[in-house]
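Dear colleague,

Please find below the structure that I am handing over to you.

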Amino acid sequence: MNKQLKVFFIGTYVPKECGIATFTFDLLNSVSGVHDDVHCEVIALNDPSETYNYPEEVIFQIERNRLEDYYRAADFINQSDADIVCLQHEFGLFWGNAGDYIFALLSGINKPVITTMHTVIKEPGPEYRISTEQLIRYSEKLVVMSQTAVEMLKEVYKVPDEKIEMIFHGLPDYPFNNCKKYKQKLELKGSPLLLTFGLLSQNKGIESMLEALPALVRQYPDLVYLILGATHPVIRKQYGESYRQYLTNRVSELGLEKNVLFHDKFVEKDELCNYILASDIYVSPYLSKEQIVSGALTYAIGMGKAIVSTPYWYAQEMLSENRGLLVDFGDTEGFKNSLLYLIENPEECDKMRRRAYDFGRKMTWKNIGKEYNVVFTKALKQYRPYSGTQNRFNFLPDQLPEIKLDHLKLLTDNVGIIQHTNLGVPARHYGYSTDDMGRGLAALAQLIDSQEKAEELWKLITTYMSFLEHAQTDTGHFHNFMNYKREFLDEEGSEDTLGRAVYGLGHVISCPYLSKNMRTLAHTLISKAGTQMENLSYPRAKAYTICGLYEMLRAGVDADSFESIFNSRRDAVRAVDSLIDRDTFESLFLSHADSLVDLYEANRKEDWEWFEPTVTYSNAKLSESLILAYKYTKDRTYRKAGLATLDFLTETQWKGDFFDIIGNKGWYSWSGEKPIFDQQPIEAGYLTQAYISAYEAVRVSKYLKLARYSFEYFLGRNRLQIPMYDSLTGAVYDGINCDGINCNQGAESVICFLLALSSLNKCTDEAYSTLFQPSARSEGLTKKKSLLAVNQID
């Protein structure tokens, strides 16, 4: 090999007491021991609340019942310099339905996966068939440990030959020896000494052996049957030691207390090998034929033991050509006769031992390591990763969705927007909120591009304006929550509520297609909130306020603009006197923008270009507000902070082909880990708006591309690759959780979708000619609707 090969192994790992943990450890050491230029590390699976003092090669841990850990592991693998992932697969290792949590990891990585299948099911139930077929699809190569497993994959699952590799279970390399010195070393008695080892569970079939022993003991009273191994941890957790107790009771009933020994412990590999080498005969009395591999039987073969086994699949294959004796399942008489034959025919027994030992030389870990390395090299040559972003997200539409207000109208009654739904059906007991009315007004005002559109949306806008007028208190603040009985539930809302109200009212004022009456009312409500706006302290409240005031200021609206609508001089004087003048609004606008810059400067540090020590909610609105401040003033201080923080959000959330929004389970702190779930669509909507504002401010094309990608989060360009937008109804799902989509479809989600969509729709002609080029697929579409592929971000 010309360059160092780096392999990540995924599985349980020592010191966990588990057969696959031992296998993973041995396989890693055999692979890395064959070549100096192979480097191996481990992603270890833990049971809930387990902690282990792992060796240094374990570089990541998955708590197997936490779906989020599988997603994190996928991110870790993608960001690493690993060349190959070698997965140890057994359905019970992973949580979920037939172990399907592992697919959260496999579906998200861009490295070739070599899967060692420790179980292959010949007659799978539906969930196991689905799981196996997914595993096959995500694996570049499948390694199985017997020819029987190869045939099953081909016949049952239609796996092509070239995808399957047969590599034996590995074993340590010991010389062919007699038993005496190891019996002495372990202070074991027994002539002969019979051994069964492995984690104890009912499928081991040990009771069959116990029933065969009385006849043997009568002829060979010094015979000892050693049952070595702790109870399987899953069995112990569910059933305690009931099976072991059953066996010990049966030993007493059969009078075998002097001839049967239980060693109730998990033995390390070296000690285990000593026990095997000390035994005369290894017994494998499994009760089920559906056993595709057995590490215990492999070790016994490789150490040259005489073996008596039931004919499970692996035993039939490994003990063919007279390398051991097979006895039918539960055949007590067969066990007795086979054991007598081996005891009474030592020459034939030694020949059988030698045949087993010689066969086992090809299964030593050194040879197994060589074979895995050959498979790794072959897989790397054949692997074809995704090229660009479109392959992964090839279900995305070529054009922006049409504006569809069906769901928003469904949520709106004659009071306002009902906040939440139960599976898409408006849930009235949640009532209404000023937050939704403010954002709703902003979304609707942005959609209006003609007098006809204003008339179409007049009823919705009037309803939301009526709610805000009713919600405003005598102090100028706003109540937020109202129940379905039309009773406000708070004295006043949060500062964010005030900011969102101003945000919506500012858009109403700046919309030239709305009536002067409507715009005057909006101006009046904002003016009444003037004192409250002066006293804001929370950054998001300031950001919303900046965005609302920007709409007023950019439109050139002043108190004098509304004087002519009044019928008498007295009304006009009273109305105009109640309105705040432009200079006061501008002063508020700049004051809040300056305070956000100060906040940014106070909290920024290396690798943390943000306003606060924690990134929480409505994040892009903070960046957008300063970009808008730059657009209005051309003060480059605002531009610097706005773009730096927006670029920080991009770096934090853009995964190269999709946005992985910061989850709200703990938020993202400077010194902490970014939570993946729960993701809220509002963040994608606000990102889209911020990117469009950034493009309009600095004309850098990457912001247009990012705006497109952040919007496509709604259409399926997200971690789960699931569309959140329902094109039939115009509804939007409420979020992405660790177990899938949040199927509720509330007001906030659809409003933020509309805000994002309207921002994209209002891009300039120059913007669309920069980003969206005509293609055969989109001929005949308007430039504002074409949504074609852009393969990379500048």
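Lys154 touches Val159, Asp161 and Ile164, leaving aside residues up to four places away in sequence; contact here means heavy atoms within 4.5 Å. Lys154 belongs to helix α5 (residues 147-156). Helices are DSSP runs of H or I with at least four residues, strands are runs of E with at least two, and both are numbered from the N terminus. With a relative accessibility of 29%, Lys154 counts as partly exposed; buried means under 20% relative accessible area, exposed over 50%, and partly exposed in between, for a 1.4 Å probe and protein chains only. Between the C-alpha atoms of Lys154 and Phe329, which lie 175 residues apart along the chain, the separation is 27 Å.

Please note that this is a predicted model, in which local features need pLDDT of at least 70 and side-chain atom pairs count only at pLDDT 80 or more, while totals for chains, interfaces and linings use all residues. Residues are numbered from 1 along each chain as its sequence is written, and side-chain values use heavy atoms, with hydrogens and water left out.

Arg719 is placed in the loop between α28 (701-712) and β20 (725-726). Arg719 is buried, its relative accessible area being 8%. The side chain of Arg719 makes polar contacts with the side chains of Asp75 (2.6 Å) and Asp660 (2.5 Å). A polar contact is a pair of N or O atoms within 3.5 Å; within protein, one must be able to donate a hydrogen and the other to accept it, and residues adjacent in sequence count only if both atoms are side-chain atoms. Beyond residues up to four places away in sequence, Arg719 touches Tyr71, Asp75, Arg392, Phe658, Asp660, Ile676 and Phe677.

Turning to helix packing, the axes of α1 (residues 19-34) and α15 (residues 365-382) are 8 Å apart, at an angle of about 75 degrees. Axes are lines fitted to C-alpha atoms, for helices over the stretch in contact, and angles run from 0 to 180 degrees between N-to-C directions. The angle makes α1 roughly perpendicular to α15, a term that covers 65 to 115 degrees. The residues in contact include Phe23 and Leu27 of α1, and Trp365 and Phe376 of α15.

The axes of α27 (residues 681-698) and α29 (residues 747-761) come within 8 Å and cross at roughly 20 degrees. This makes α27 roughly parallel to α29, as angles under 35 degrees are classed.

Yours sincerely

How values were computed. Parallel < 35°, antiparallel > 145°, perpendicular 65-115°, else oblique.
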